[in-house]
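Open the structure in your viewer and keep the selection tool at hand. The stops below say what to select and what is found there.

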Amino acid sequence: MYNDLINERLTHLRAAMKSNELDYYLITTADYHSSEYVADFFKAREYFSGFTGSNGDLLVWEKGAALWTDGRYFLQAEEELEGTGIALMKMGEKGVPSIEEFLEKNMLPGERLGTDGRCIPISRGNRLTDTLSKVNKKACADAENPYECSLIWDVDLASAAWNDRPDLPSEKIWFIDSSNVGESRAKRLERVRDKLKAEGAKCLVLSSLDDIAWLYLMRGNDIEYNPVALSYSIVFEDKALLYINTDAVSASDVEALKTDGIEVKAYSEIVNDLKTIDEYIEADGAILADPDRLSYALYMSITGCGDMKNRLVLKTSPTVLMKAVKTATEIENERTAHIKDGVAVTKFLYWLHCLREDPLFVSGKRVVTEMEAAEVLLEYRKAQEDFIEESFAPIVATGAHGAIIHYEADVKSNAAIEKDAFLLMDTGAQYLQGTTDITRTFMMGNASDEMKKHYTAVLCGNLELADAYFPEGTTGPNLDVLARKALWKLKLDYRHGTGHGVGYLLNVHEGPQNINQKGRLGRLGTAFEHGMITSDEPGVYIPGKYGIRLENMMVCIKSGESEYGEYFGFDTLTMVPFDARSISAEDMSEYDIELLNKYHRKVYETIAEYLTEDERAWLKAETAPIAKKL
């Protein structure tokens with residue numbers, strides 16, 4: 001029935017394509033701000049494909065459709081696309097073309113590609129135009145086919161073919177006090193302007209929602225789990241413009257912003273102001289914009305005015321790195337947030353321990369589902385002071401569901417927690433003191449030798465990466481092997497990054513740093529700096545059986561200097577035990593055992609006082625030192 005619904009929606013979309021004389025139509029996952037997670041209004045790709053993952057692009061043509069997504073979602077996409085007729089393109093796999101390569105091979109002279117240019121960044125729009133130029137170059141060599149392909153970037157077919165499309169979000173906007181972050185927005189604006197001056201630019205156009213939230217100490221609720229508000233901003237040498245839903249902000253906050261030289265304007269006014277931006281700056285003034293964040297549509301608004309294209313400097317916004325390097329206040333607050341979260345998650349693990357020991361559960365008479373377990377964990381978090389909301393949709397996956405890397409239970413898939421099976425839980429929270437993200441895999445019974453071997457390999461990868469020491473200039477790809485080498489010895493691996501940056505009371509995923517074999521967008525990546533908070537999450541996934549992922553948050557800290565320069569390391573923020581029942585000491589080195597015992601000792605010393613007597617006794621046993629058998 002559901003697949004029939006997807007086919008019906010695709011039929012409506014193709015009818016709209018025909019009306020607009022389009023041969024191909026591209027629907028991306030992003031909103032107008034290149035956000036990773038989006039509000040319901042922007043979930044057009046999900047609406048027309050049925051695929052619910054957070055990353056993927058849908059390309060539709062008259063007689064077919066294909067969806068591109070990454071390794072986190074291969075299993076999920078296979079299930080959700082079944083019966084739709086949409087082909088799954090597994091990004092990064094051998095022989096699988098990119099969308100641009102697919103178009104270059106399949107588009108015919110004179111055909112038209114359509115997309116909503118508000119939902120693709122400048123860099124993506126330029127790649128598409130470069131692709132069509134290659135197709136046209138081939139066509140021009142053919143006297144019988146002189147017609148050129150073209151990119152139609154200003155057509156929104158989602159609205160045309162989606163009758164009950166949700167409204168744009170317009171939730172209330174709120175502001176955090178500067179004492180909560182250790183820096184005023186006036187100071188942050190000053191730092192941004194210093195960077196602009198160094199670049200020789202007269203203004204910065206900002207589109208990324210978390211950058212804007214960071215800059216103005218602003219938070220919102222327009223995207224579930226991400227405390228941001230739909231907004232744009234332009235920062236000039238002597239003032240700043242903030243484009244938001246003016247009905248969502250109080251008059252007192254507008255006045256407070258005005259005091260800092262920030263003028264509030266309606267969200268939609270950004271288009272006209274960019275078209276006339278030469279009225280704000282002198283004739284030779286350069287404009288800085290981030291090609292991976294500012295939309296192609298806004299780029300065309302700017303470049304359509306006189307010589308603006310020559311004055312546009314396309315570089316990563318300085319706010320990206322500033323936001324990633326947390327202040328001393330933010331770091332200390334994050335420690336507090338992780339203690340609170342550690343208490344909540346540890347209480348939940350004790351609850352799971354009691355469940356797995358319950359004779360009714362063992363006999364199958366007591367049934368607890370994935371979604372019910374997620375609700376129990378949420379209640380423990382809600383009991384913590386200054387809890388705001390979850391930081392992403394909880395992943396609670398039993399047995400084979402754990403092999404679906406970003407599985408999210410719904411009414412249809414919600415399964416009973418299995419006995420003698422792994423329960424993988426990737427969850428997080430937003431507290432006033434910061435954002436958390438943690439994954440634990442818990443054995444609900446007795447683990448097989450294979451399970452223990454795989455769990456222990458993942459654990460060793462987590463511990464060894466957290467213990468890394470490295471010189472200034474080191475990037476994520478330099479460190480990634482530490483998390484994978486124990487798995488590689490078993491001829492195993494995982495199809496996702498090892499670590500991502502995490503915001504401060506912001507998005508659970510942020511850059512520019514990451515820990516990945518290939519770095520961000522295929523580049524070497526950004527060097528780690530003191531104050532960056534990053535995840536450490538190796539895993540292994542056995543389709544049809546189970547998944548294991550163990551994730552802690554770490555803050556990068558200075559560790560000293562030598563004749564070779566400054567050195568850095570990591571300090572683990574997450575305070576939650578690993579599952580003692582799943583660990584095989586015989587598969588660990590003395591070094592790994594020492595790291596585990598050290599971490600568990602710190603966990604107990606940090607959170608034991610916040611637990612009940614029974615919970616504390618269990619934690620004491622769970623974190624007891626281990627050793628190899630003689």
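Start by selecting R484 and D493, whose side chains meet in a salt bridge with an N to O distance of 2.6 Å. Bear in mind throughout that this is a predicted model. Colour the two residues by accessibility: R484 has a relative accessibility of 1% and counts as buried, while D493, with a relative accessible area of 34%, is partly exposed.

Next, select R124 and E100. Their closest N and O atoms are 2.9 Å apart, and the two form a salt bridge. R124 belongs to helix 5 (residues 122-140) and E100 to helix 4 (residues 99-106), so this pair ties together parts that are 24 residues apart in sequence. Are these two residues buried or exposed? Both R124 and E100 are buried.

Now select E450 and K545. This is another salt bridge, and here the closest N and O atoms are 3.9 Å apart. The pair links distant parts of the chain, 95 residues apart: E450 sits in helix 17 (residues 449-466), and K545 sits in the loop between strand 25 (539-542) and strand 26 (546-549). E450 counts as partly exposed because its relative accessibility is 37%, and K545 counts as partly exposed at 47%.

How many salt bridges does the model hold by the rule used here? The count comes to 42.

The last stop is a pair of helices. Two packed helices are described by the angle between their axes and the distance between the axes. Select helix 17 together with helix 18 (residues 476-488): they pack at an angle of about 155°, and their axes are 7 Å apart. Angles over 145 degrees count as roughly antiparallel, so helix 17 is roughly antiparallel to helix 18. The crossing of the two helices is right-handed.

To see where helix 17 and helix 18 touch, show the side chains on both. Helix 17 contributes A457, V458, C460, G461, E464 and L465 to the contact, and helix 18 contributes L479, L482, A483, K485, A486 and L487. Sorted by class, the contact of helix 17 with helix 18 has 9 nonpolar, 1 polar and 2 charged residues.

Methods
Residues numbered from 1 in each chain as written. Predicted model: local features only at pLDDT ≥ 70, side-chain atom pairs only at ≥ 80, totals over all residues. Heavy atoms only, no water. Salt bridge = Lys/Arg side-chain N within 4 Å of Asp/Glu carboxyl O. Helix = DSSP H or I, 4+ residues; strand = E, 2+ residues; numbered from the N terminus. Buried < 20%, exposed > 50% of the residue type's maximum accessible area, 1.4 Å probe, protein only. Axes fitted to C-alpha atoms, helices over the stretch in contact; angles between N-to-C directions. Parallel < 35°, antiparallel > 145°, perpendicular 65-115°, else oblique. Left-handed = near helix turned anticlockwise from the far one by under 90°. Contact = heavy atoms within 4.5 Å. Nonpolar A, V, L, I, M, F, W, Y, C, P; charged D, E, K, R; others polar.
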